Amino acid sequence: MKQRTYELTISPTGEVEIHVDGFKGKGCLEAIKLFEQMVGETKDVRHTSGFYEPEEDVHLHSERHH
Amino acid sequence: MSAVAVLTPIVVASWPAISSAVATAAVSLGFKVLQDANQEGVSLDVETETARKVTLNVPHSEVVTGTLGRDQRLRMSRDGVMAEFSRDARGRAAVCVTGAGYSEEQLRAIGEELGGRMVQQYMLTKLKNEMAARGMDLVEETVDESQSIRLRVRHWQN
């Protein structure tokens, strides 16, 4: 299993900034989509150097546990 | 770290969820939440005769309500300012701020601060619930000097 780490900052205006960590390649975009479902619309995305590393097989489950 | 995303919050919630966030936000800003309209002998209708009034909508909000919830509202006061959250005619959350001796700009700033903090508290509760439901672990929660809430979350993936 791989550990993903997310750092979220909820500003006093309610805007949410998410730092997605532990991914290589575009797997981080799937993680951002997961948080989109919880919060709202993506206003801006900035990629760091890890975004351009080779792809890894990532599948995040968006369904809720019951 | 691979990416940083900024998300605009969308608030679609029932009145109990909205009012809970409003009450928490109000207390954090030093407001006293009033249990009924005439508590402390102050009402918005009386104050409007001598005081300025500003009404603001909370952006990207929708208060989901049934027939029973249409007249629900929550009032609070601080330093001669009265604020009232309610559902406007278009279903959005709205805040009306009234206060004698305050400029329109000051009242608008108070209303925007209240509305923002309400959304912040709503998002905090929603994220905690949604992340827990998805098996994510909240390992740290702090509030920084700018009153932003910082969450550190761990998630194990196959």
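Here are some notes on this predicted model, for someone opening it for the first time.

1. Some housekeeping. Residues count from 1 along each chain as its sequence is written, chains are lettered from A and ligands numbered from 1 in the order in which they are written. Because this is a predicted model, local features need pLDDT of at least 70 and side-chain atom pairs count only at pLDDT 80 or more, while totals for chains, interfaces and linings use all residues; side-chain values use heavy atoms, with hydrogens and water left out.

2. Start with the sheet in chain B. Five strands make an open, antiparallel sheet, ordered β3-β6-β7-β8-β4. Strands here are DSSP runs of E with at least two residues, helices are runs of H or I with at least four, and both are numbered from the N terminus; two strands pair if DSSP finds at least two bridges between them. The edges belong to β3 (32-34) and β4 (52-57) of chain B, each with a single partner strand, so one side of each has no neighbour in the sheet. On average, neighbouring strands are turned by 20° against each other, direction ignored.

3. β4(B) is joined by six bridges to β8 (residues 93-99) of chain B, and the two run antiparallel. Within this pairing, T55(B) sits opposite C96(B).

4. Then the helices. α3 (residues 104-133) of chain B packs on the sheet and touches β4, β6, β7 and β8 of chain B, its direction making about 35° with that of β4(B). Contact means heavy atoms within 4.5 Å, and angles run from 0 to 180 degrees between N-to-C directions of axes fitted to C-alpha atoms, for helices over the stretch in contact. Helix α1 (residues 15-28) of chain B lies across β3, β6 (73-78) and β7 (81-87) of chain B, at about 5° to β6(B).

5. Chain A is a quick read. There are one helix and three strands in chain A, in the pattern β-β-α-β along the sequence. Of its 66 residues, 42% count as buried (under 20% relative accessible area, 1.4 Å probe, protein chains only).

6. Last, where do the lining residues of the largest pocket come from? β1 (3-9), β4 and α3 of chain B each give at least two, and α3(B) has the largest share with five residues.

Notes. Buried < 20%, exposed > 50% of the residue type's maximum accessible area, 1.4 Å probe, protein only.
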